[in-house]
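Trainee: I have a model open and want to go through it with you. Can we take it strand by strand?

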Amino acid sequence: MDNLRCVRETPPHVRSGAGRASHAENASRLTGAVERITYQNAENGFSVIKCRAKGYSDLVTVVGNMQDVHVGSVLSMQGQWKIDGKYGRQFSAEKWEETLRLQLTESRSIWAAV
């Protein structure tokens, strides 16, 4: 397994609430293994992904500018929890870092063991 480190930040024009003061002190952190990419916009990088995360029995929906994310990536993310009127609870990633890339079967067994 290769240890990959690539830090990405969602551009200000893509973030929800762009133009408001930074809420870094209120930012949440989430680490998860990408199980599925539900949607990716090739033009602006906006993505909807499903991650398996420690402490969550269901897959977690993550949204943000994550054009370079791949299934099997383990991501360390910083952002805000949001409730979307149509899609429900989502983690809106403002910054993310790929810390590891796994095979899908490996990601399931790692999170099951934790």
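Trainee: Is S3 largely enclosed by the rest of the structure or largely open?

Mentor: This is a predicted model; local features need pLDDT of at least 70, side-chain atom pairs count only at pLDDT 80 or more, and totals for chains, interfaces and linings use all residues. Residues are numbered from 1 along each chain as its sequence is written, and side-chain values use heavy atoms, with hydrogens and water left out. Strands are DSSP runs (E, at least two residues; helices are H or I, at least four), numbered from the N terminus. Buried means under 20% relative accessible area, exposed over 50%, partly exposed in between (1.4 Å probe, protein chains only). In S3, 6 of the 8 residues are buried, so the strand is largely enclosed.

Trainee: Which residues does Ile49 touch?

Mentor: Contact means heavy atoms within 4.5 Å. Residues up to four places away in sequence are not counted here. Ile49 touches Val34, Arg36, Ile37, Thr38, Val60, Thr61, Val62, Met66, Val69 and Leu75.

Trainee: Which members of the largest nonpolar core touch the most other members?

Mentor: A nonpolar core is a set of buried Ala, Val, Leu, Ile, Met, Phe, Trp, Tyr and Cys residues joined through side-chain atoms within 4.5 Å. The largest one has 14 residues. Strands S2 (28-40), S3 (46-53), S4, S5 (73-84) and S6 (88-101) each give two or more residues to this core. The members asked for are Leu30, Ile49, Val62, Met66, Val69, Leu75 and Met77.

Trainee: Which side chains meet in a salt bridge, and at what distance?

Mentor: A salt bridge is a side-chain nitrogen of Lys or Arg within 4 Å of a carboxyl oxygen of Asp or Glu. A search of the whole structure finds 1. Its partners lie in S2 and S3, so the pair ties together parts that are 17 residues apart in sequence. They are Glu35 and Arg52, at 3.1 Å, N to O.

Trainee: Which of those two is buried, and which is partly exposed?

Mentor: Arg52 has a relative accessible area of 22%, so this residue is partly exposed. The value for Glu35 is 10%. The buried one is Glu35.

Trainee: What is the C-alpha separation of Gly88 and Thr61?

Mentor: Gly88 is in strand S6 and is partly exposed, at 23% relative accessible area. Leaving aside neighbours within four places, Gly88 is in contact with Lys82 and Ile83. Thr61 is 27 residues from Gly88 along the chain, and their C-alpha atoms are separated by 9.0 Å.

Trainee: Which strand has the lowest mean pLDDT?

Mentor: pLDDT is the predictor's confidence in each residue, from 0 to 100. The protein has a mean of 78, and 67% of its residues reach 70 or more. Values stay under 50 over residues 1-8 and residues 11-23. Among the elements, S4 (60-65) is highest at 97, and the lowest, at 47, is S1.
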